[in-house]
Each structure stands twice: as C-alpha cells, then as structure tokens.
Amino acid sequence: MAKSILCAEDCARIHAASLDVLESVGVRIDDAGILALLRRHGARGGASADTVTLPRELVRECLAGCPPTARFSDRRGITRELGAGKGSVFWTGNALYVAQGKTRRDLLTADLALLTRVADACPEIDGMVGTSVADFPPPARDVVGFRVMAMHTAKHLRPCTFTPEGASAMVEMGQVLAGGVPLTERPLLSFGYSIVSPLHWTPTGLGAMRNTAGHGLPFMINSEPMAGGSAPVTLAGCLVLANADVLSGIVIAQLQERGRPIVYNVGFAHVLDMSTAVALTGAPENALLQSAGADLAQFHNLPSASWMSTEAMVADAQAAAETMITGLAHAANGVNIVWGAGNLESTLCMSAEKLVIDDEIIGAIRRYVRGIEVNEETLALDLIRELGHQPDYLWNEHTVAHFQEEIRHSHLAVRCKREAWENQGSRAWDERAADRVQEILRQPEVAHVTPEQERELARIVEYHLAAIRT
C-alpha cells in the first residue's frame, strides 16, 4: 500500500545536494576524539577547529557498511526485523510533562510507571520510549526511567539518553534483562540521538553513540530541522539539510562500530508556523517531510522512523485528527518505526487517555495499510452464485470464517444505536478513553522482572546515582 512522496530521481537529487553540503560546509563535532577519528578516515578541516568536511567517498563507504535491516526484540519472545517493505511498528513518545485535564505538570516516576502500564495493556503499541522524570536530577533521569519502564512492561525499550554515562548504565541494565543472552542476539533495547540541526553533534549525542557501540544494538540517528527556522522553508531544501544531518551521524556510528544497524530518521522534522513561531509536529507538511524520509531511507536501503504528533493540548478532536493524518501517512508510505503514541503539545506532554486513543488509531491504520486481499476465497464467487438474490450472508460459514480478519473490531469507538449509547451513559470518545485507562489500572500489576533482575537493576541505578552525587 506504500505510496511514494519522492521518486527515485528526487531522492538522488536531494542526496547529491546533501553530499555537496557535507563536502563544502561540513559538520561541527564537539568531541576531540571523534574529530581525530574522522580525520584519520579522510575528513578534512572545516571553517573552524571543531568542524570537518566529509568526502563523499567516506559517506558512501559508511552507508554501504550499514545493514539493510535492524532487529528489535522484547521480553515477550517477539523479534521484528525492520527495513524497506517490512511494515511498521508503533512506539510511545517521550515528554517532559504529563497532562491532567486541561493543565499539565512535571512528569514524575510514578507517572512514567502509570503510562508504561497503560502502554503495556495497549495491544497495538509495540515499544516504550523513555521520558524525563522530574523527581530525580537531570543526569540520572534516563537510568531511573529505564528501570521504571523495565519493571512495568515487557515490550521493546527505547530509552532517551541524557548523559554518556547513563548510556553505559542502560546497556548494562539491558544485559541484566537479557538474562545472559548477548544483546546482539536479543536486542531488547535500542538507542538513538538527535543531531542539533544544522550539522552540529554535541558531546551527549556523540557519547551516547560511543558508549552503546559494540553490542549490535540499533541506533536511530535523528535530524530535527525546522523548516523556516533552522532549515530552508522549502520542504525540498529542508530534506537536503536533514539528509546531510543523518549521513554525518551514519559516518560517525559506522567508524565506531562497523556494521551497526542504523535507523535513518528525518521523521522528526518540524515546520515553523510563521504566525505563532510554534514548531509544528502535526501539520500536513510534517506528514510530507516525514513520509519523504521513508523514501530517502529506502533510497539508502535503511530502516526508517518518524513520529505521529499533534499541537493539541488535550486529547480532543484536533489531537485525534493530527495523529491520524501523520500516523496514516507514515505507515502507508512504509515508515518502519512510528513513535509518538500518547503525545500532546508538540511532543512535550504525555497523556494516558491519549495513549488509549492512539492505540485505537494505530489499529485502524494497520487495517487500512493491510489493504484488501484478492484470491479465490475472498472473491466468494461460488457463494454469490449460491445465494443469488437472498441477503443471507450473516449466518453463512464463509462470514463466520472471515469476519474477524476482514472487519476490525473497535474497543473504543461508539458503534451502537443511540439508545444503547445513551443507556451506557452517553460517553464521548475521550470519556471512554478515560474509562479504559481506569479499567487498565484496576488490573493487578504484572511482574516483568525476576527478583534477581530487580535487585541488579536497583544496584546499577544506585551506583549511577552515587557517581552523580560525587
């Protein structure tokens, strides 16, 4: 069902322009060791001491070393191999705040635990993304949050990284969760980081890349250009810069760990609203940029990522509409990892009710993308001949055999007569979502780690906290 935004010629022109940018403008690197590594492999001096230009031959070599697919595992025994033509998975979003009605407040560890429990109960959500938990010091929030997520879900974990040391600690925690199986074989967690667009790699991003290398763990390289702000306002020009951003990260990652799986992500691109100066994430231009990112990823033979998002402040009609247009556009265009489930307010905020709504949206997206299967059985020609003008399909064996796979059942949408809806309390969609959240939280908590793993995770967290205090 994939529908390309960019043709092969478009991708080639954008890529050629990006190579020119890397050769002429170069990339700023805030790490002396990485600068030295790049220079040893042919990078040349740039306009300043912390800038290097990247020859296109080096970029091509590093691109060629990337595997065409990346594997993502969880503790439920599920492993997904993602790449061009291999479908989409959906993850939650990261955030600084949690929504409470029409207000927000800082997101705490208890909120992350609640959100993780809700995500774990949502069948369409495949992975949990880390957040910032405000009740711990900033350098510890990634490690503390990773433990919270591991305790409350067995789904794939994608922590956010706030320090290079935190990245190392989370790799160690992943090894605990893997139970002695090498993470190369069982990648229960993955990492990633965003370059500061345009073309600036910070110490934290470079440290996260370096400290998670050596285990075959997928690394998502994100570009977050802002069309009209930190990138050209034309979408094609924005893609040139975004592609150059990601290519620079691919070079660095491959020089640190040859053959490391890379997820190509220009899907975090923003668009600057000229009337409000808000960085948009749920506009149609976002859907275009992020879907085009999937075309560029396929051009490079790499897995792709994006987010589905909204500027809405509450889980309302705007939130559902913007999440649907971005999520559907990306999945229909072949984006492999779509994250942002539960996000509000340009990804700044998380909402448990929005998580439940997005789970419903994702299910509908997946049904649409699956399309219509046409074969002898589904054409049902013999059945049509048999019944002729009789409208007796409901009780037929063919209907019984196929209705569940053909017609998706909704757990949240109103699909009843008005009288039944009124008898159920006349609950609107957002109210039904709140009911579903409470239903999930009333269920007994499930232990996702063994007592021994729990002790080891606590030990790593305490060691990390002690190091921060000193």
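## Helix α9: length and cover

Let's start with helix α9, residues 284–300. At 1.5 Å a residue, its 17 residues should span 24 Å, and the end C-alpha atoms are 25 Å apart, which agrees. The expected span here is 1.5 Å times one less than the number of residues. Helices (H or I, at least four residues) and strands (E, at least two) are DSSP runs, numbered from the N terminus. This is a predicted model, in which local features need pLDDT of at least 70 and side-chain atom pairs count only at pLDDT 80 or more, while totals for chains, interfaces and linings use all residues. Residues are numbered from 1 along each chain as its sequence is written, and side-chain values use heavy atoms, leaving out hydrogens and water.

How many residues of α9 are buried? The count is 12 of 17, so α9 is mostly covered. Buried means under 20% relative accessible area, exposed means over 50%, and partly exposed is in between (1.4 Å probe, protein chains only). Among the buried residues are Leu289, Gly293, Asp295 and His300.

## α9 beside α10

Helix α10 covers residues 317–332, and α9 packs against α10 at about 20° with the axes 9 Å apart. Axes are lines fitted to C-alpha atoms, for helices over the stretch in contact, and angles run from 0 to 180 degrees between N-to-C directions. The two helices are therefore roughly parallel; angles under 35 degrees count as roughly parallel, over 145 as roughly antiparallel, 65 to 115 as roughly perpendicular and the rest as oblique.

On the α9 side, Asn286, Ala287, Gln290 and Ser291 meet Ile325, Thr326, Ala329 and His330 of α10, where contact means heavy atoms within 4.5 Å. These residues divide into three nonpolar, five polar and no charged. Ala, Val, Leu, Ile, Met, Phe, Trp, Tyr, Cys and Pro count as nonpolar, Asp, Glu, Lys and Arg as charged, and the others, Gly among them, as polar.

## α1 across α8

Now look at α1 (residues 8–24) and α8 (residues 235–256), whose axes come within 8 Å and cross at roughly 60°. That makes α1 oblique to α8. Residues in the contact include Ile14 and Leu22 of α1, and Leu239 and Leu247 of α8. The contact has nine nonpolar, four polar and no charged residues.

## Backbone details in the loops

Asn301 follows α9 and has a positive phi of about 60° although it is not a glycine. At 43% relative accessibility, Asn301 counts as partly exposed. Ser346 also has a positive phi of about 60°, but Ser346 counts as buried at 17%.

Finally, a cis peptide bond joins Ser197 and Pro198, with omega about 10°. Pro198 sits in the loop between β11 and β12.
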